[in-house]
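Thanks for making the time this morning.

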Amino acid sequence: MKIEENILNDVSSIKLEGRFDANTSDAVEKFIREKIEKGCSQFVLNMENVSFISSAGLRVVIIIARELRNEHQGDLHIAVLQPSVKRVFEISGLNNILKIFDDEQTATEAFSK
Amino acid sequence: MYIRFWGVRGSIATPLTNVELEVKIETAVKLGIKAGITGDSQVPDFLESLPLHIRRTVGGDTACVEIQAGGKILILDAGTGLRRLGLDLIKRSGGNPIEAHILMTHTHWDHISGIPFFVPAFSSENNLTFYSPFPGLKERLARQQNSEYFPAPLSPTFRFVRLNEHKQFQIGDVKIDIFPLNHPGGSYSYRITYGNKTIIYATDSEYKELSTNSVKPFTDFFHGTDMLIFDAQYTMLENVEKEDWGHSNVFTGIDMAIEAKVKKLVFIHHEPGYNDEKLYTILLKAKEYVDINHPKVPLELLLAYEGLCMTL
């Protein structure tokens with residue numbers, strides 16, 4: 001999986017590309033945790049180029065969002081879900097606890113509101 | 001191999017309430033009116049057409065599953081479902097001695113509380129053996145029936161066999177392998193093989209690390225089984241909230257089953273707080289998850305309910 005980061009106004013925008021599954025979820029979690037340890041608490045996860053998410057990916061999203069909210073007064077915003085991934089978010093209930101946006105800019109700006 | 005589910009609930013027995021029953025009846029009557037039912041002959045087809053959560057209850061008894069293979073009766077766990085299995089065994093025996101082999105995953109209440117009500121234990125002519133890798137199983141079960149908690153002591157009829165978790169054992173021609181699971185206080189999975197068929201009973205386990213490497217020991221044990229009976233007590237979200245409670249969810253079960261090339265995946269150990277509608281909704285979502293993520297994989301998903309039986 002390809003992981004890229006852009007930082008704008010203290011918001012770390014992480015763009016994923018590929019499958020977010022049992023083979024790649026550790027790398028994503030490790031990448032975000034390193035940013036949290038450096039003091040970042042506001043993240044946007046851009047999943048425009050993620051075509052597949054498994055339970056391993058879903059679990060990483062939940063535990064990171066929960067940790068950011070409970071321990072760092074931060075959050076994890078989700079941006080740009082492909083239809084199939086969006087449906088997996090819905091049937092797993094993640095859409096009920098996460099803020100999901102149609103584009104990365106709106107997801108980033110939502111932190112300053 | 002023949003399998004029948006006698007208890008499928010986790011944590012505590014959960015009888016259907018009057019309110020839940022009335023809702024089912026009211027919904028069925030309304031649907032009957034809508035369908036234009038006018039005669040008795042239409043009733044069977046109409047009942048068959050009702051949604052599963054209306055015409056069925058998954059049941060409230062706790063963990064107990066029966067397997068018949070090679071002329072032997074194996075019982076997986078001894079939750080409250082064991083009571084009715086015991087009565088059925090007596091009925092089936094026609095007065096002849098009963099031989100049954102009870103494999104225990106662990107000794108939490110929802111897996112042992114049927115034992116005091118297991119009527120075959122009241123006759124010394126029956127041959128009833130418990131198996132477990134845990135030391136002191138007999139003492140654990142005896143404590144459940146101390147006079148402070150129950151009027152009668154543990155039946156002296158029972159025999160106890162302590163298993164070596166690293167070693168396959170046999171009951172007649174049935175081969176059984178054991179594997180430790182992630183549960184507070186420990187729990188064990190059983191892989192039961194007879195002829196070319198296998199059933200794995202893997203309840204009461206939590207999988208916090210879901211990377212391929214982390215789940216590999218489990219998926220290796222589950223590999224190629226005809227049926228995996230999997231603890232799916234919680235939703236995905238509740239599973240994370242209830243970290244270290246020792247249970248899992250349908251999505252994790254599906255991904256592990258697909259990795260392990262399982263043929264049938266049966267969800268069990270249902271959360272007492274979930275009613276029939278919620279449980280069947282979870283099953284539908286689980287099927288949709290497979291359709292979205294693994295459309296070409298022939299994995300059959302089932303929700304365990306009391307009375308579910310099949311032959312493999």
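This is a predicted model: local features need pLDDT of at least 70, side-chain atom pairs count only at pLDDT 80 or more; totals for chains, interfaces and linings use all residues.

In chain B, 7 strands form an open sheet with mixed pairing, and their order is S7-S8-S9-S10-S11-S12-S13. The edges are strand S7, residues 169-171, and S13, each of which pairs on one side only, and the twist from one strand to the next averages 20°.

Let me follow the end of that order in more detail. Strand S11 of chain B, residues 227-231, pairs with S12(B) in the parallel sense over 5 bridges, and within that pairing B:Asp231 has B:Ile268 as its bridge partner in S12(B). Strand S12, residues 264-268, in turn pairs with strand S13, residues 300-303, again in chain B, in the parallel sense over 4 bridges, where B:Lys264 has B:Glu300 as its bridge partner. Between S12(B) and S13(B) the chain passes through helix H9 of chain B, residues 276-293, and this β-α-β crossover is right-handed.

Now to the core. As a general point, nonpolar side chains in soluble globular proteins tend to be buried together. Here the largest nonpolar core has 103 residues, and those with the most contacts inside it are B:Ile75, B:Leu228 and B:Ile229. Although these three belong to chain B, the element that gives the most to this core is helix H2 of chain A, residues 55-72, with 7 residues. Leaving aside residues up to four places away in sequence, B:Ile75 touches several others, among them B:Cys64, B:Leu82, B:Leu85, B:Ala100 and B:Ile102, and also B:Glu66 and B:His101.

That brings me to the contact between chains, in which 20 residues of chain A meet 16 residues of chain B. On the chain A side, two or more residues each come from helix H1 (25-37), H2 and helix H3 (83-91), and H2(A) supplies the largest share, 7 residues. By type, that side of chain A divides into 9 nonpolar, 7 polar and 4 charged residues.

Which residues of H2(A) meet H8(B)? They are A:Ser55, A:Ala56 and A:Leu58, and they meet B:Phe251, B:Thr252 and B:Asp255, a contact that divides into 3 nonpolar, 2 polar and 1 charged residues. The axes of H2(A) and helix H8 of chain B, residues 250-259, come within 9 Å and cross at roughly 145°.

How values were computed: Residues are numbered from 1 along each chain as its sequence is written. Chains are lettered from A and ligands numbered from 1 in the order in which they are written. A nonpolar core is a set of buried Ala, Val, Leu, Ile, Met, Phe, Trp, Tyr and Cys residues joined through C-beta atoms within 7 Å. A residue is buried if 20 or more other C-beta atoms lie within 10 Å of its own, exposed if 12 or fewer, and partly exposed in between; C-beta atoms are placed from the backbone. Two residues are in contact if their C-beta atoms, placed from the backbone, lie within 7 Å. Ala, Val, Leu, Ile, Met, Phe, Trp, Tyr, Cys and Pro count as nonpolar, Asp, Glu, Lys and Arg as charged, and the others, Gly among them, as polar. Two strands pair if DSSP finds at least two bridges between them. A crossover is right-handed if, with the strands pointing away from the viewer, the path from the first strand over the helix to the second runs clockwise. Axes are lines fitted to C-alpha atoms, for helices over the stretch in contact, and angles run from 0 to 180 degrees between N-to-C directions.
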